[in-house]
Each structure stands twice: as C-alpha cells, then as structure tokens.
Amino acid sequence: MKPWILAGLAIFAGLAQSARAHESISPQYLQLLEEVVDINTDSNNVDGLTRVRSVLIPQFEALGLIVSHHPLADGHETLSFETATARPTILLIGHLDTVFPASSSFQHLSRQEDRLIGPGVIDMKGGVIVLLDTLAQLKQSGHLDNVRVVLNDDEEIGSVRSKPVLQQLSQGVTYGLVFEPGLEDGAYVSSQSGIRWVKLTTTGKASHAGLEPENGIDACLDLAIKVQKIAALARPDEHLLINPGVIEGGTKPNVVCDKASVTIDVRFQQLKDWDHTVTALDEISGHVDIYNRKLKQGTHSEWVKLAEMPVLPATGSRELVNLGSEVAKSLGQTFKARAVGYGSDGNNRASPNIQILVGLGPYGGGMHSEKEFMQLSSYQERLIFATALIRKLNPATRINP
Ligand SMILES: [Zn+2]
C-alpha cells in the first residue's frame, strides 16, 4: 500500500460520517483500484490478466455472485458473474485489458490532488471497480438477481476472441450498461460509430531502378495514387472518417517497387456510408493507375476487410438516454449524452433490440496516454447514478417502487 493511501485511509476514517466521505471513493475500493492498476494488463499480457482476474473473482463471489469462466484462444478468458437465482435482464459490461505494454514506464497508480493517475485508471479499471461497488450497493437492497456481469480481456484489440461469447451472454437481456469512462465533461455516449479495418494491396513488377526501369511496374506509386483517392472519400462533417494509418511497400531504394499495401480505418454512423465506401474501394482497386506500355501490363490491386465493429445507432440507446436523464434529474446530477467516433463492446450486442448506454464509468482525461487520470469526484457521481439506474431498470422495483 502506498503512503498516500494510508494517509487517505486516515482521512477517510476521520470523515466517515461527514459529507466529504460521500464525495469520493471509499478506502476499500481505492485500495482495490490501486491493486488492479498496478498489475500490467496489456491486451497480450496473459499472466497479468490472469492475476487481475484472481484478484477480482473473490470480490464478486463475496457479494454472492457465481463466476463462469469462458476460456478463449491464446490464454485469453472472458468471465461472467450472476447469482444462483438470477433472471438477468441487465448486462453490465467491462474489460480488464489496457493499451499499456509491460515495457511502458507508466505502471502505477498515483494521486495528485483531486485526480488519480494511472494506466487504465479510467479505461477501464476504474469502471470495473465502480461496477463492483454498484453491485455491493445493490446487494444491500436485494437487487442482484437482475444483473449479469461480463468482463473480457481483449477489448483494446477489437474483442476479436471474446465477441462470440459477448453476443451469447447478451442473448435474452433487455439492457446493456457499459462501464467505459464517460466523456471528459461527464457526458454519456448516445451512439458509437461502426468501424471497419481494410487492407488494400497492389502488385507491380520489380526491376533495377537504374539498369532497366522500363521493365518495372511501380506498385508504390500506384498505391500512393490510390491512397489519395481513398482519403478523399472521407466526409468528416457527416462522421465518415477514413485514416490510411499504415503503409508498407517496396524492398530497396534502387529497385522498382513490386508490392505495396495500405491498412485503413473507416468509421461511419450510417451503414449507407460504409456501402458507398465499399463501392468506391471496388472502383479504386479495379483501376490500373500505373501501366507499362512496353510490357502491356499494369498493376493489379485488391482489398480485403480485416476487422469490423457494428454501429451502435442512437436508436440503440434512446430508451436508456431518456431513463438516465430522468434518474440523473432525480439525483440532482446533470445528464448529457453525445455521439462518438469510437466503438466499445456496446457495439457487439447480440440483437438490435438491446438498449445500450455507454460511459457509466468514472471519467477524467488523457485516455490511452501516460497522462490518463480519473477525476476523483466522478467516481461517487457514477456510483450513485449506476445504482439508481439499475434499481429503476429492475422490473420488481417498477411494480413495487
Ligand atoms: Zn475501454
């Protein structure tokens, strides 16, 4: 335990009955947050992920929840928790992995005034701890039978392995609450873009750049032209974003390039924008931009889809945005919800009928950077909100409020 936590415990103990103690995280959960933040859980760090699971599982079990292990390829694993008598209608979603490699110098939780700083402190170990704390609040009032918790460990690399399990575990539920961080100003997320990763490869013909350039077909040049055409498809004002993030090609400066490729991230909020992008990619890859008249031969290109995440449309959140706004109002909290260009496991629901709200975790800033921080006051705000929202979604509560 760090000295500042000991100091924090003393302060919290002294203020247990005062209003200030209710404005922040309790010593018990602060200590647990520090413990899990200090264990590196880069998406590929299977040992670290296993250790964090072994810390968290007894915490959920102590609330009377039963753990199910869902083993996946390469040592990965998704966990789910529910009570023995559960009839879950609400899925509570979190992930244990972070983007910080074990080699990063950013590995530990620290505190600066009203901020907690650390790798994954908001994305989303803070969210996992507030989720657990919410369940502890709900247990006291006997509301646990309605929830199922899902924690995966590959969200930051697209949930490629866990997606089928997430979809299976979301079958039959009505609501999904994703404990990813809220936006910097505390807003919730009302819709998320769909994402596709595509790779376009173009093939030409190698030849010596000085001895016989006339016998070469330059794939790098062909790709450069195509990348410009593809980037020009973007319409940021309409949320169609195109990022040619990785380019590879050629072998040596003195050899005409025979092969080149670009990997592109495409984000959109309307499926028709993706459909138009597909048509354009077919046209662009079907066009020969570099042609060798002597050889009567040009480049050849093709593109493939590498990964995809569906859109979470505004209609997929509308009911929870409305309910959330009511709940926040009754608590005296402000409620804002906005569309964002990134995805989360909220996008990976099994059915479009499930209503999803993203951003229930505590918020701060610097996500995915070595400045990632949580605004301490956001912890208690989210804890109170999530507890009240889940109570509101509980059918038993609705009948007997
Ligand atoms: Zn996240």
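What percentage of the 401 residues in the chain do buried residues make up? The figure is 52%, where buried means under 20% relative accessible area, exposed means over 50%, and partly exposed lies in between (1.4 Å probe, protein chains only). The model is predicted, so local features need pLDDT of at least 70 and side-chain atom pairs count only at pLDDT 80 or more, while totals for chains, interfaces and linings use all residues. Residues are numbered from 1 along each chain as its sequence is written, and side-chain values use heavy atoms, with hydrogens and water left out.

**Stop 1: the whole chain**

Show the chain as a cartoon. It contains ten helices and 18 strands; helices (H or I, at least four residues) and strands (E, at least two) are DSSP runs, numbered from the N terminus. The C-alpha trace spans about 85 × 45 × 35 Å along its principal axes.

Now switch to a surface view. The accessible surface comes to about 18000 Å², and carbon and sulfur atoms hold 54% of that area. These areas come from the Shrake-Rupley method with a 1.4 Å probe; for residues, only the protein chains shown count as cover.

Colour by charge next. The chain has 36 positive and 45 negative charges, and their mean positions are 3 Å apart. Lys and Arg count as positive and Asp and Glu as negative, without His and the chain ends; each charge is placed at NZ of Lys, CZ of Arg, CG of Asp or CD of Glu.

One last value for the whole chain concerns contacts, meaning heavy atoms within 4.5 Å. Of the contacts with a separation of 6 or more, 78% are between residues 24 or more positions apart.

**Stop 2**

H95 counts as buried because its relative accessibility is 1%. D123 is buried as well, at 3% relative accessibility.

**Stop 3: backbone details**

Stay on D123 and show the backbone. The peptide bond from D123 to M124 is cis, with omega near -15°. M124 is found in helix α4.

Move to E113, in the loop between β4 (110–112) and β5 (115–117). Its phi is near 50°, a positive value in a residue other than glycine. E113 counts as exposed, with 73% relative accessibility.

Then select H239, in the loop between α6 (219–231) and β10 (241–249). Phi of H239 is also positive, near 70°. At a relative accessible area of 40%, H239 is partly exposed.

**Stop 4**

The contacts below leave out residues up to four places away in sequence.

- I90 is in strand β3 and is buried, with a relative accessible area of 0%. Its contacts include V147, Y175 and L393. The C-alpha atoms of I90 and V149 are 8.5 Å apart, across 59 residues of chain.
- T263 sits in strand β11 (residues 259–268) and is buried at 18% relative accessibility. Among the residues T263 touches are V198, N243 and L306.
- S378 belongs to helix α9 (residues 376–393) and is buried at 1% relative accessibility. S378 touches P362 and Y363. From S378 to G364, 14 residues apart along the chain, the C-alpha separation is 7.9 Å.
- K336 is in the loop between α8 (318–331) and β15 (337–340) and is partly exposed at 37% relative accessibility. K336 is in contact with D185, A187 and Y188. K336 and V321 are 15 residues apart in sequence and 8.7 Å apart from C-alpha to C-alpha.
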